[in-house]
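Could you walk me through this complex, with the cut-offs spelled out as you go?

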Amino acid sequence: MLVRQAPDIRTADITDERHYVNRRAWLRTAVGGALATAAVAAVPGSPLVTPVSAQAALPNVKKSGYTVDEKWNSYEDITGYNNFYEFGTDKEDPARYAGKMTTRPWTVKIDGACAKPADYNIDDMLKWFPLEERVYRFRCVEAWSMVIPWVGFPLADLVKRVEPTGKAKYVQFTTLMRPTEMFGQRDPVLQWPYTEGLRLDEALHPLTLLAVGVYGKTLPNQNGAPLRLVVPWKYGFKSIKSIVRIRFTESQPATAWNQSNAREYGFYSNVNPEVDHPRWTQSRERRIGEFFRRKTLMFNGYDQVASLYAGMDLKKHY
Amino acid sequence: MRYVKPLVFAAMLAPLVWLVARAFTGGLGANPIDRITDETGTMALRSIVLTLAVTPFRRVTGWNEVIRLRRMLGLFAFTYASLHFLTYIVLDQFFDWTAISGDLTKRPFIMAGFTAFVVMVPLAVTSTAGWIRRLGGRAWQRLHRLTYVAAIAAVVHYWWLVKADITFPRRYAIAIGALLAFRAWHAIRRRQSPAPL
């Protein structure tokens, strides 16, 4: 089993932020006689990312048992290379342009089939649950992956608090819609606002996280501040960012990539090396920072979710 | 032309120099292999568009000497396409022939890109004055119309690989479409009026 209870990450295994910042400078000067491929394989992230110090440290974060014992990707890779189409379709665009997004005041509308629908203030919500750090694998549908230390709380805690009714079978999430600050929303690349969804039992699974931070600090905008979903056994696009609405529904809700191309992006989108994307293979992935591709694991290595899909043909329900 | 040609050469080579410089100084971001693939592919496509633009440009401006840039631009297209292909084989797949053959038989966008590359090989080989002489001007010209096939296959390759944002593939499709349409229009007009232009 790849996910273990409470394996402590040794302090020695974590690259101090001072050091990877220095390593960049060192690499710049150490041009020397290194082979091009070696250099290519070793280079860290883009220089355009938010400096680590820009985000506030989150207090009282406890370590969670839901943590993988793998080398973390650097803060600059995590915050400098990702998809957030609301800010452009290049993977450096979010780091470049997400700074424009205003994240306070921020309300999350919770509605649909639940007993306590309301517009909740994010700062109030943050006081409801203790924060924990969980190191998860993150697998993008584009066949690259990272290991990311998120800070957040289980979605299940929030769901239970607002008391879904018997009619609630699914949960739909919606991202902020604000084209003045999110210029990508001016082009109909996807149907805006971005939406995602989970089956209620997926939403209640203990692995499903609502993240508010990364590397012990509040989320930078490009990573989905102030509140985002993290579903580690599904392709990255399921982990919707900058959430403003959570709605409980009776039928399967619309989701952005599925609306854009249903044949390529299913509602479930579980990481599955057996089911290829129609245009590329999903059997292997490139871990950012590594040269060789590695094998993609079923459910991204989170075997404990398999029971959610017992009896389902995952080739059909991709 | 004495200054134009070296200037164009330098301008075409500059993106490669810039790419290599960044590869050695950590400037290629979190996913350098992806970046190299992307930039060599883009440069191949740009070079193809410029190569195809030479003849229409000459016809419109009457500046006949510009034809002397065409072979160089075409060879840049082949160079960048080769680097793009090698990046895929060596850096991206690292000679994983099972994966590569799987891609080549199952992935339409890879097939289109491979077609574009393969078609360019005989064009690069026969780009010398000796080969023009050996083949004869007319046969050589007919062979080199394969450039159109390479251009279309290359843009299809790009179009099929993007996830949702077709902004850039569409730009190249429009450029190549316009340049090929110019040729069609010109050929029809010449057939209608036998007098040479």
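The paragraphs below go from conventions and confidence to chain B, then to a sheet, the cores and some backbone details.

This is a predicted model, in which local features need pLDDT of at least 70 and side-chain atom pairs count only at pLDDT 80 or more, while totals for chains, interfaces and linings use all residues. Residues are numbered from 1 along each chain as its sequence is written, and chains are lettered from A and ligands numbered from 1 in the order in which they are written. For the complex, the predictor gives an ipTM of 0.87 and a pTM of 0.85. Chain B has a mean pLDDT (the predictor's confidence in each residue, from 0 to 100) of 95, with 98% of its residues at 70 or more.

Let's begin with chain B. Its secondary structure consists of nine helices and zero strands; here helices (H or I, at least four residues) and strands (E, at least two) are DSSP runs, numbered from the N terminus. The radius of gyration of chain B, taken over C-alpha atoms, is 18 Å, close to the 16 Å from the globule rule (2.2 Å times the number of residues to the power 0.38) for 197 residues, so chain B is as compact as a globular protein of that length. Along the principal axes, its C-alpha atoms fill a box of roughly 60 × 40 × 35 Å. Of the 197 residues in chain B, 28% are buried. Buried means that 20 or more other C-beta atoms lie within 10 Å of a residue's own, exposed means 12 or fewer, and partly exposed is in between, with C-beta atoms placed from the backbone.

β2(A) (residues 107-112) and β3(A) run antiparallel and are joined by four bridges, forming a hairpin with five residues between them. Within this pairing, Ile110(A) has Ala118(A) as its bridge partner.

Now for the interior. A nonpolar core is a set of buried Ala, Val, Leu, Ile, Met, Phe, Trp, Tyr and Cys residues joined through C-beta atoms within 7 Å. The largest has 70 residues, of which Ile148(A), Trp150(A), Leu210(A), Ala211(A) and Leu229(A) touch the most other members. Strand β5(A) (residues 144-154) gives the most to this core, with seven residues. Another core lies apart from it, with 31 residues that include Leu69(B), Phe76(B), Met120(B) and Ala150(B).

Some backbone details deserve a look. Most residues other than glycine have a negative phi, and most peptide bonds are trans. The bond joining Arg104(A) and Pro105(A) is cis, with omega about -10 degrees, and Pro105(A) sits in the loop between α4 (93-97) and β2 of chain A. Ala225(A) to Pro226(A) is also a cis peptide bond, with omega near -5 degrees. Asn300(A) has a positive phi, near 55 degrees, and is buried, with 27 other C-beta atoms within 10 Å. Phe95(B) has a phi near 55 degrees, but counts as exposed, with 8 C-beta neighbours inside 10 Å.

Note on methods. Pairing = 2+ DSSP bridges.
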